[in-house]
Amino acid sequence: KILIFIFSINLLFNQVFFSEYAEGSSNNKYLEIYNAGDSVIDLTGYAFPSTANDPDVPGEYEYWNTFADDAVVEAGDVYVICHGGAAEAIQPQCDGFHNYLSNGDDGYCLVSGTEDAFTIVDCIGDWVEDPGSGWDVAGVSDGTKEHTLVRKESVASGNEGDWASSAGTNADDSEWEV
């Protein structure tokens with residue numbers, strides 16, 4: 001029974017991941033989380049911790065960002081976290097708000113668990129070091145700066161914190177389209 005429970009928990013982790021990221025002009029920024037599963041996922045057991053620019057302690061998050069108590073993502077749907085000052089055209093797509101979204105050089109991870117005990121499900125950027133203006137993605141310099149990243153349709157789960165492999169070095173080996 002324990003093995004089945006662990007398998008079920010791991011299956012849930014693999015069902016939600018970042019599907020889109022936008023760092024646009026002004027406050028036009030958002031993170032999109034996709035539910036690849038066939039049932040609703042309660043996001044209150046998840047968080048999206050981050051670092052700002054150069055982390056104080058390399059490899060550790062600096063800010064623990066949580067979802068609203070009623071946050072869920074429907075099967076086959078997305079949950080969009082927007083900057084509160086995003087353009088009016090973006091606002092109707094927003095399910096939640098976070099006013100400290102990246103300027104291209106902040107690392108965000110989707111995690112499952114609590115602030116003291118969590119598992120990394122997916123990351124955009126990392127918590128290791130300041131990438132300068134942004135991380136290179138799919139061979140695009142500063143791809144996380146003033147770009148929109150869209151996860152390729154072939155990707156079925158998060159990168160479990162392996163941002164370098166996810167970002168790739170060119171359009172063919174990246175999990176993202178810039």
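This is a predicted model: local features need pLDDT of at least 70, side-chain atom pairs count only at pLDDT 80 or more; totals for chains, interfaces and linings use all residues.
Residues are numbered from 1 along each chain as its sequence is written, and side-chain values use heavy atoms, with hydrogens and water left out.

**Figure 1. Overall view of the chain, with 2 helices and 11 strands.** Helices (H or I, at least four residues) and strands (E, at least two) are DSSP runs, numbered from the N terminus. Their order along the sequence is α-β-β-β-β-β-β-β-β-β-β-α-β. The C-alpha trace spans about 50 × 35 × 35 Å along its principal axes. Of the 178 residues, 42% count as buried, where buried means under 20% relative accessible area, exposed over 50%, and partly exposed in between (1.4 Å probe, protein chains only). Among contacts (heavy atoms within 4.5 Å) between residues at least 6 apart in sequence, 60% join residues at least 24 apart.

**Figure 2. The open sheet of 6 strands, in the order β7-β6-β2-β1-β10-β11.** Pairing in this sheet is mixed; two strands pair if DSSP finds at least two bridges between them. The edge strands are β7 (96-97) and β11, each of which pairs on one side only. Strand β1 (residues 16-23) is joined to β2 (residues 29-35) in the antiparallel sense over 7 bridges, with isoleucine 33 of β2 as the bridge partner of phenylalanine 18.

Figure 3. β1 pairs with β10 in the antiparallel sense over 3 bridges, and leucine 149 in β10 is the bridge partner of tyrosine 21. Strand β11 (residues 176-177) pairs with β10 in the antiparallel sense over 2 bridges; here glutamate 177 in β11 is the bridge partner of valine 150.

**Figure 4. The open sheet of 3 strands, in the order β4-β8-β9.** The pairing in this sheet is antiparallel. β4 (46-47) and β9 (118-124) stand at the edges with a single partner strand each, so one side of each is left without a neighbour in the sheet. Strand β8 (residues 108-113) and β9 pair over 6 bridges, and isoleucine 120 in β9 is the bridge partner of valine 111.

**Figure 5. Alanine 138 and glutamate 146 in the loop between β9 and β10.** Most residues other than glycine have a negative phi. Alanine 138 has a positive phi, near 55°, and glutamate 146 likewise has a positive phi, near 55°. Alanine 138 is buried, with a relative accessible area of 12%, whereas glutamate 146 is exposed, with a relative accessible area of 58%.
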